[in-house]
Amino acid sequence: MVAHQPLRVVRCGGSKLSGARAAFSADAKYLLCTSGDYVKVYSTATEECVHILQGHTNLVTGIQLNPQNHMQLYSCSLDGTIKLWDFTDGILIKTFVVGYKLFALYMLADSEGSVFIIIPKKNEDASDSFQLVSVKLPKTPDQEVEAKDLSLILDDIGRSPKCTAFGREGEYVASVRGLHLLVHFFKKKKTNRFPLSGTSRKGANNYFTCVACHPKEDCIASGHKDGKIRLWRNFNHKREYTFSTLHWHHDVVMDVAFSVEGNSLLSGGVESVLVQWRDGSDCKKEFLPRLGSTIEHISVSPDGTFYCTSHTDNKITIVHSNLRVSAVIQGLVKGSDVKTGLVVDPRTKALVLNGKPGHLQFYCLQTDKQLYNLDIVQQEYIHQVGLHQTELVKAAFNTQGSWLATVEQREDKEIELELQMKLWNYDEQTQSFTLNTRINMPHEAHITALCFRDTDELEDATPTLVTAGKDGRFKVWMLVNDSAEKPSMSWSCGFVGSYHNYPANSCCFSEDGSLLAVSFEETVTVWDSDTWDLKCTFCHPPGKIRNLCFGRLSCSKYLLGTTDNGFLCCWNLLSCALEWSTQLNVIVLQPDPLSENIAAVSQLLDHSDLFVFKPNEPRPFCIQRNVCRERVQWAVFIPRDVPESVGSEKHQWLNRSQLYMLTETQDLLTFSTKSPEERLTPSSKQLAVEESLPVTPFYLLLGKHRRQQQSKENAELGTAVIQSQLPQDSPEIKELLHTPAHVLPSASFLCSIFINSLLISKENKSSGDVVDEVEMDSEKAEDESDEDVELSEMEQDTNPTEFLGEIAPKLSKAQEKELRKIRRMDYSWVAAL
């Protein structure tokens with residue numbers, strides 16, 4: 001009996017790509033970056049994710065290429081391990097267990113067998129004191145080894161990887177923290193400290209933010225909070241050091257990096273501009289503006305052809321050395337707060353939520369990449385602290401995805417609330433949303449909820465939208481023709497409802513759109529959507545209603561609601577009575593659009609729990625404790641394109657839809673019953689792409705077309721299709737060609753297996769005959785004499801041993817071919833003798 005896999009929570013995307021500096025491969029064909037617990041390998045030519053290196057159990061904090069083997073990569077993590085990868089094949093080679101939380105990783109070409117890491121003194125995340133230590137990596141054949149040999153280099157340094165850098169060929173290391181610059185020389189074993197005053201006469205903020213070392217000269221570049229960059233020289237003397245100042249940035253310098261040759265310096269900050277300083281001069285500088293958001297990290301490829309900037313909006317920009325953008329890798333945009341919640345685009349099945357300020361982002365869950373942005377507010381965003389700007393707070397699609405409703409607001413203590421609702425229509429020609437109606441101040445107070453009426457079964461039904469506000473009203477908006485001369489469809493208010501002037505908290509339609517439920521404080525009201533008459537009210541148990549949702553399919557007669565005092569209630573719409581209730585602090589209540597299942601996420605002190613149930617059964621059929629240590633903000637069911645077969649009956653609710661959850665740190669979580677090996681994408685299991693072209697959908701399509709064309713040519717030649725496995729498709733040859741060389745056994749061991757795989761079995765005569773026929777057809781094309789043609793035809797029909805009897809030895813194919821070559825030779829010169 002096969003044991004069912006347990007249900008596990010997995011991170012499906014949305015992780016921060018700019019958590020650490022990205023690294024280029026030696027040939028700059030691949031870009032490697034951290035993404036939560038993973039390391040992702042992207043193609044710099046196609047922006048496609050080639051491999052996902054997964055093995056760490058906590059946040060990956062640093063990656064470095066192996067100086068001794070540029071096809072390998074080292075990574076460090078807060079899980080206390082250093083892992084060595086073959087990133088071209090996506091294979092984990094070795095794990096070194098250090099035992100400390102690792103915050104940064106550095107590699108030097110001369111320090112073979114050792115790496116440098118930053119660890120906390122007390123091995124705690126909240127520690128203020130960190131150390132730079134050297135770790136010797138044992139050379140053992142074991143897959144997992146302990147690396148406990150640590151040597152202290154610098155004490156009391158900053159935890160950020162940007163605050164420590166190694167100098168010319170590893171002769172010294174520089175580290176900045178606060179107002180101090182430390183330079184440690186390895187050969188002299190001495191440390192020089194250079195302090196700065198907190199503020200200068202002009203009020204400058206001299207605090208260090210980042211540091212970089214020149215690759216060939218004794219020069220250190222440091223960034224500061226006031227936007228200045230200092231170039232330090234002659235720092236091997238404590239008193240005779242000098243520095244020059246470069247100043248363009250108006251705010252914090254987030255990162256600095258030298259080019260490969262050291263003839264230019266790169267810097268970036270909150271201005272979203274990459275600045276290139278030529279020869280360390282303030283006069284010679286070039287700019288790459290409008291990169292979208294604050295630059296957090298800057299990386300340079302080993303060959304100097306590419307630069308890379310990591311941004312706070314979870315974006316990576318690959319830039320040519322001539323400061324032209326080559327590629328953009330955009331993940332889930334990280335914002336301060338997701339006020340729109342998680343919405344599904346019915347057309348593309350994309351996840352829609354707040355993106356850049358004033359934008360909606362359409363995010364693809366399968367590729368962990370952003371599809372596109374939709375500018376809703378259509379105003380220039382000003383990067384200024386304390387400035388109140390227009391925010392996008394609500395978004396909703398209708399069932400067909402043809403209409404999109406958005407709400408934006410601007411609130412200031414000195415200015416009254418500004419509200420604006422926009423209705424967008426999907427244009428089939430332009431394949432984008434166009435603005436149809438703009439409504440100023442649809443409510444006199446904040447809008448708390450909005451939802452479309454489902455009109456799938458009603459062809460002639462008018463598109464309807466309902467909004468609820470804190471002004472004590474809910475409004476019904478309908479699409480009507482507002483012009484008598486020419487058809488011009490726009491949205492207008494058709495009905496206004498209220499209940500004792502209580503603030504409206506939430507609203508939702510039933511599955512068939514016949515009923516509308518609106519909550520007013522502690523009361524739930526149910527309205528007829530045709531006549532807008534109040535049908536019934538529910539108000540037990542007491543408590544402010546937080547969420548509302550109707551049951552679906554066979555459970556459509558139920559209405560569920562959650563209260564802020566920790567109750568989950570289920571009302572029967574036929575009997576107008578409370579069916580059941582339970583005490584549960586539900587923060588997210590989400591129905592599955594394709595089944596009767598409803599997911600409820602409850603929040604306790606230090607973790608979140610998931611309950612999946614049907615309204616007609618108060619006992620949940622799936623309980624998942626401790627789904628995450630963070631607070632789950634939003635959740636949504638996304639229908640699958642192809643239903644997935646799940647073995648356990650307990651997990652059948654995952655067959656048709658997938659549940660996604662968004663945490664406070666904006667990590668996307670989902671549930672899976674597959675093992676980590678089965679969850680790997682096909683691209684991450686493939687070998688590295690060929691030397692010139694990466695594997696793209698067009699490449700795979702072209703390869704399939706060529707195989708089809710080849711099969712057609714074979715059919716025209718009259719060759720039969722070989723049903724048995726060809727020698728080149730044997731498992732032995734696949735294992736030999738697809739397994740990395742460093743993990744293969746010796747050649748002597750593989751030789752006999754390889755030779756045997758090339759031999760054709762005597763039992764498989766049909767396939768052998770077909771192969772002989774193919775070879776003889778090619779030999780006919782080569783032979784020009786009629787005699788050779790007759791010989792080849794005779795060889796196809798009869799066996800040579802039938803003519804020569806049992807005395808003649810059986811010739812191999814190579815010998816037969818050699819005999820035919822000798823027969824074709826011209827021997828007329830013999831007659832002249």
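Guide: Let us begin with Glu 217, bearing in mind that this is a predicted model; Glu 217 has a relative accessibility of 39%, so this residue counts as partly exposed.

Visitor: Which side chain does Glu 217 meet in a salt bridge?

Guide: The partner is Arg 233, with an N to O distance of 3.6 Å. Arg 233 sits in strand 21 (residues 228-233), while Glu 217 belongs to the loop between strand 19 (208-213) and strand 20 (219-224), and the pair, 16 residues apart, links distant parts of the chain. Arg 233 is partly exposed as well, because its relative accessibility is 38%.

Visitor: How many salt bridges does the count come to?

Guide: The count comes to 18 salt bridges. Among them is the one between Arg 625 and Asp 609, at 3.2 Å from N to O. Since Arg 625 lies in strand 54 (residues 617-628) and Asp 609 in strand 53 (residues 608-614), this pair ties together parts that are 16 residues apart in sequence.

Visitor: Is Asp 609 buried or exposed?

Guide: Asp 609 counts as buried, because its relative accessibility is 2%, and buried means under 20%.

Visitor: Okay, switching to the surface: which residues form a nonpolar patch there?

Guide: Phe 754, Ile 755, Leu 758 and Leu 759 form that patch, and together they have about 350 Å² of accessible area. Of these, Leu 758 lies in helix 4 (residues 747-758), and Leu 758 counts as partly exposed because its relative accessibility is 39%.

Note on methods: Residues numbered from 1 in each chain as written. Predicted model: local features only at pLDDT ≥ 70, side-chain atom pairs only at ≥ 80, totals over all residues. Heavy atoms only, no water. Patch = residues over 30% accessible without salt bridge, like charges linked within 9 Å, V, L, I, M, F, W, Y side chains within 5 Å. Areas by Shrake-Rupley, 256 points an atom, 1.4 Å probe, with all protein chains shown as cover. Salt bridge = Lys/Arg side-chain N within 4 Å of Asp/Glu carboxyl O. Helix = DSSP H or I, 4+ residues; strand = E, 2+ residues; numbered from the N terminus. Buried < 20%, exposed > 50% of the residue type's maximum accessible area, 1.4 Å probe, protein only.
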